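The exercises below concern a single chain fold. Work through each one with the model open, then compare with the solution.

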Amino acid sequence: MARYAHITGWGMAVPEQVLTNLDLAQMVDTSDEWIRTMTGIGERHIAAPNQSTATLAVEAAIKALTVANLPPDQVELIIVASATPDHLFPATACLVQDRIGALNAGAFDLSAACSGFLYALNMAAQTIRTGSLNNILVIGAETLSKFTDWEDRNTCVLFGDGAGAFVLQGSDQPGGILSAVLRSDGSGGDLLIIPAGGSHLPASSETVENRWHFIQMNGREVFRFATRVMAQASREAVEAAQLTMDDIKYIVPHQANRRIIESAAKQLEIPIERFIINIERYGNTSTASIPIAVCEALEDGRIQPGDRLVMVAFGAGLTWASLVAQWSGPFPTKRKVYPVWFRAWARVISRMRRFRRYVEGVIWGTNGKS
Ligand code: UT7
């Protein structure tokens, strides 16, 4: 029997601290008017020093599991899509696995910049459709503020921090993720890049002095690329799902620039009201922007079970992606579970595992050696 991958849980998290355009105008040569007119952004949320991509991801994940009423120990796979992971390794997904108590889950990170959440959703959906796994947590999480050059007005006005998570579950009932289109063009890799910190240009005093650990972008070229692919990719995903644009209730675009979204609306001949847009309050949160927009539209009742959505994104790589999903909502379950309770339990388990490793290290005499 055919299997379908349904979205049964969702959650979002943003840091408390808000940075307005007026605040930015005190930091670099810019203005509220320029930022609003050129991007549609009014403010963005910025992580505190003790917050990271993993901490925001955990918050969003617990909310998504609560909506799905799924205990963390039943999650079989965690995929974190992020352009700003906590470390090069271990994967941020492993940090999330440990902190939410997903004791039976595999975990890995996926790097496709702002398109990463849609890439990850499609990977999860494919895994469920094959029948190999049934419960997958997909997270888009970013702390872009930690990689932003706060002296560069070309980029620092654009980005914000946040996380969004979906729970995907398998069922024989048709619905869920209906189609996906994934594309890339590495010839444009230099257009949006953090040049240093990888194997190509490892950290050195020179890379720090030259500010090569921060985001660099050719805004005009990325803008041109984005306006070229958004409408085309949306059409392709709708066709692949054997639907027409009239079957789609909302388009949820990556929130990078309001003008890019308006251009896509024009090309698709769809009124802007059918686009979910919240860039004004969050800026560009990369992989988190689509799930955050979906969470807000669910919260205020715009998206209802049965609605079909197109999600479409583009980003560094260059990458772009689109998919069609039919909204499901949580599967009926017998008894209420409280995924947040697992956090305390997860901490105990994690400490026990560390302690066991320590004791084994003492026995084998390997502590302090690497
Ligand atoms: O997730 C994907 C991530 N990135 C994107 O989606 C970004 C796509 N690109 C964009 O959104 C736009 O390119 C920007 C909003 C970043 C810039 O808009 P633009 O129409 O491409 O402007 P521009 O870069 O060509 O700059 C126009 C002018 C320049 O001044 P001059 O040379 O004409 O005197 C810039 O120096 O605007 C100036 N400028 C600013 N002025 C005030 C650039 N940034 C700022 C700023 N405040 N923050």
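**Exercise 1.** In this predicted model, is helix 5 mostly covered or mostly uncovered, and how many of its residues are buried?

Solution. Start with the extent of the element: helix 5 spans residues 116-129, which is 14 residues. Next apply the burial criterion, under which a residue is buried if 20 or more other C-beta atoms lie within 10 Å of its own. Ten of the 14 residues in helix 5 pass, and the helix is mostly covered. Among the buried residues are G116, F117, L118 and Y119, as well as A124, A125 and I128.

**Exercise 2.** Compare the span of helix 5 with the expected value, and find what follows the helix.

Solution. From first C-alpha to last, helix 5 reaches 20 Å. At 1.5 Å a residue the expected figure is 20 Å, and the helix is close to it. After helix 5 comes G131, with a positive phi near 90°.

**Exercise 3.** Determine the strand order of the open sheet and identify its edge strands.

Solution. The sheet has five strands in the order 1-7-6-4-5, with mixed pairing. Strand 1 (4-13) and strand 5 (106-110) each pair on one side only, which makes them the edges. From one strand to the next, the twist averages 20°.

**Exercise 4.** Which strands does helix 3 lie across?

Solution. Helix 3 (residues 53-68) lies across strands 1, 4, 6 and 7. Its direction is at about 125° to strand 1.

Notes
Residues numbered from 1 in each chain as written. Predicted model: local features only at pLDDT ≥ 70, side-chain atom pairs only at ≥ 80, totals over all residues. Pairing = 2+ DSSP bridges. Helix = DSSP H or I, 4+ residues; strand = E, 2+ residues; numbered from the N terminus. Axes fitted to C-alpha atoms, helices over the stretch in contact; angles between N-to-C directions. Contact = placed C-beta atoms within 7 Å. Expected span 1.5 Å × (residues − 1). Buried ≥ 20, exposed ≤ 12 C-beta atoms within 10 Å, placed from the backbone.
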